[in-house]
Every structure is written in structure tokens, then in C-alpha cells.
Amino acid sequence: MGIVVLNTRFPLLPVTRHLGPTLLSSLSLLQNKSVNMSIRLLEIVFFLYFASHIPITLFIDLQALLPGHVYPQPLKDLLQWYAEGFRDPMMLDPPAWFKSFIFCEALLQTPFFPVAAYAFLKGGCTWIRTPAIVYSTHVATTLVPILAHILFYQFPMKPHPGPQTPQDRWLLVSIYLPYLLVPVLLLLTMLLSSTYNPTSTSGHKSTKSKRK
């Protein structure tokens with residue numbers, strides 16, 4: 001019986017030698033597919049973010065800058081409902097520093113929204129990398145003082161009541177927080193993903209070749 005076992009084992013050795021590279025190749029292919037699916041999912045998230053930002057900016061945010069007669073009454077009522085329901089007085093009576101952020105949104109960000117929405121809907125548009133880095137860095141920076149203002153400023157009750165309780169503050173934070181998290185995620189994707197930063201991949205390959 002021992003001889004039979006030995007004879008049945010030895011013929012398998014050439015097969016296992018070929019199985020190793022094949023298995024590694026399959027695992028590498030599955031890993032690449034998983035990475036590509038993850039990047040595509042992120043691109044869809046970025047598309048929805050930029051596409052939804054267009055009407056929000058044009059119909060809601062810019063009311064803080066433009067004269068009242070520009071907007072129809074239903075849009076004014078919508079802003080009033082939001083500001084009262086979520087206790088966001090900054091949208092009804094914006095301080096100067098908040099107005100400056102909305103001005104930047106109107107002048108710099110709004111033209112970028114449809115371009116970015118198209119790029120991420122199409123997917124793999126590496127030309128969007130540098131503008132996306134500039135955008136995400138700028139927006140994330142502006143959200144830091146806004147969130148700090150919401151959390152720590154003592155809002156008056158008149159003429160437009162602001163958040164008074166921790167629950168009110170965190171509810172308002174939840175409205176603004178996606179406009180920090182998504183730009184940070186966008187920035188990390190542009191910097192770390194091999195799809196949008198091929199130089200890091202080439203650098204990684206050159207390092208491997210040097211080691212070999």
C-alpha cells in the first residue's frame with residue numbers, strides 16, 4: 001500500500017508546480033476586479049454628489065447672495081422651511097464670512113459641478129484629477145469653520161433662532177457634514193487610487209524592478 005501511495009503522489013508534483021502561478025494569477029485578477037468595482041462605486045457616489053449640488057446651489061444657497069425678487073415664492077418658502085426646521089439662521093441672515101463661502105461656491109464651484117458630474121458618470125477620466133484635488137481641498141477647508149461655528153457659537157433666538165441644544169447642533173451638523181466627508185473621500189481617491197494617480201503605480205513598479 002505504501003508503494004501505491006508514493007506512485008500516486010509523485011505524478012501530482014508537476015501539476016502543483018503549474019497550479020501555483022495559475023492560482024496567483026486568478027487571485028490577482030479577482031483583486032483587480034474588486035478594486036475596479038470599488039473605484040466605480042466611488043465614482044457613482046461622486047457623480048450623485050455633484051449632480052445634486054447643482055440645484056441645491058442654484059435654488060437654495062444663492063438666495064443668500066441674490067436679490068429676493070430673483071426667486072419665486074415657493075423657493076423662498078422652501079428655504080424658510082429648511083432654516084426654521086433645522087435651525088440654520090446662517091442661510092436666512094448669513095454673516096459676512098459665510099457669505100464669502102457662498103460667493104466662492106457661486107463663482108468657483110458651480111461651473112465645476114456639471115464638469116465633475118460628467119467625468120465621474122463616465123468614469124476613468126484622469127483629467128479631472130487636478131481640478132478635483134483643488135475643489136476638495138478648498139471645500140473641506142471651508143467646512144471646518146462652518147462646523148465649528150455650529151457646534152460652539154452661542155446663537156441668539158432672534159431674529160432667526162439658531163441651534164440651542166446639543167441635539168439641535170448635531171442635527172444641523174448632519175446636514176453640513178456630507179460636504180466635508182465626500183470632498184475628503186474625493187481627495188483621498190485622487191491621491192491614492194491607481195486609476196487617477198498612475199504615477200504612484202509606476203513608482204511602485206519601478207521599486208519592485210529595482211529590488212529584483
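Where is Pro159 found? Pro159 sits in the loop between α7 and α8. The model discussed here is predicted.

## Overall make-up

The chain has 10 helices and 0 strands. Read from the N terminus, its elements run α-α-α-α-α-α-α-α-α-α. Of the 212 residues in the chain, 30% are buried.

The accessible surface of the chain comes to about 13400 Å². Carbon and sulfur atoms account for 71% of that surface. Among contacts between residues at least 6 apart in sequence, 69% join residues at least 24 apart.

The peptide bond between Lys158 and Pro159 is cis, with omega about 0°. Arg87 is not a glycine, yet has a positive phi of about 50°.

Arg87 is found in the loop between α3 and α4. Its relative accessible area is 26%, so Arg87 counts as partly exposed. Arg87 also takes part in a salt bridge, with Asp168 as its partner.

## Salt bridges

How many salt bridges does a search of the whole structure find? The search finds 2. In general, side chains of opposite charge can pair when their charged atoms come close.

Asp168 lies in helix α8 (residues 166–176) and Arg87 in the loop between α3 and α4 (89–92), so the pair ties together parts that are 81 residues apart in sequence.

Arg40 and Glu43 form a salt bridge as well, and here the closest N and O atoms are 2.8 Å apart. Both residues belong to helix α2, where they are 3 residues apart, which means a separation of about one helical turn. Arg40 is partly exposed, with a relative accessible area of 32%. Glu43 has a relative accessibility of 5% and counts as buried, because the cut-off for buried is under 20%.

## Helix α5

Helix α5 covers residues 96–109, which is 14 residues. The distance from its first C-alpha to its last is 19 Å, close to the 20 Å expected at 1.5 Å a residue.

Which residues of α5 are buried? They are Phe98, Ile102, Glu105 and Gln109. Seen down the axis of α5, these buried residues fall within an arc of 85°, so they line one face of the helix. On the other side of α5, Ala96, Leu107 and Leu108 are exposed.

Gln109 has a relative accessibility of 8%, so Gln109 counts as buried. Leaving aside neighbours within four places in sequence, Gln109 is in contact with Cys104, Tyr135, His138 and Val139.

## A nonpolar surface patch

Leu107 and Leu108, exposed in α5, also belong to a nonpolar surface patch. The patch has an area of about 550 Å² and is made by Leu65, Leu66, Val70, Phe103, Leu107 and Leu108.

Leu66 lies in the loop between α2 (12–59) and α3 (73–85). This residue is partly exposed, with a relative accessible area of 38%.

## Helix α7

Helix α7 spans residues 129–152, a run of 24 residues. At 1.5 Å a residue the helix should span 34 Å, and its end C-alpha atoms are 35 Å apart, which agrees.

For Thr142, the relative accessible area is 11%. Thr142 and Tyr179 are 37 residues apart in sequence, while their C-alpha atoms are 9.7 Å apart in space.

How values were computed: Residues numbered from 1 in each chain as written. Predicted model: local features only at pLDDT ≥ 70, side-chain atom pairs only at ≥ 80, totals over all residues. Heavy atoms only, no water. Patch = residues over 30% accessible without salt bridge, like charges linked within 9 Å, V, L, I, M, F, W, Y side chains within 5 Å. Areas by Shrake-Rupley, 256 points an atom, 1.4 Å probe, with all protein chains shown as cover. Salt bridge = Lys/Arg side-chain N within 4 Å of Asp/Glu carboxyl O. Helix = DSSP H or I, 4+ residues; strand = E, 2+ residues; numbered from the N terminus. Buried < 20%, exposed > 50% of the residue type's maximum accessible area, 1.4 Å probe, protein only. Expected span 1.5 Å × (residues − 1). Arc of directions from axis to C-beta. Contact = heavy atoms within 4.5 Å.
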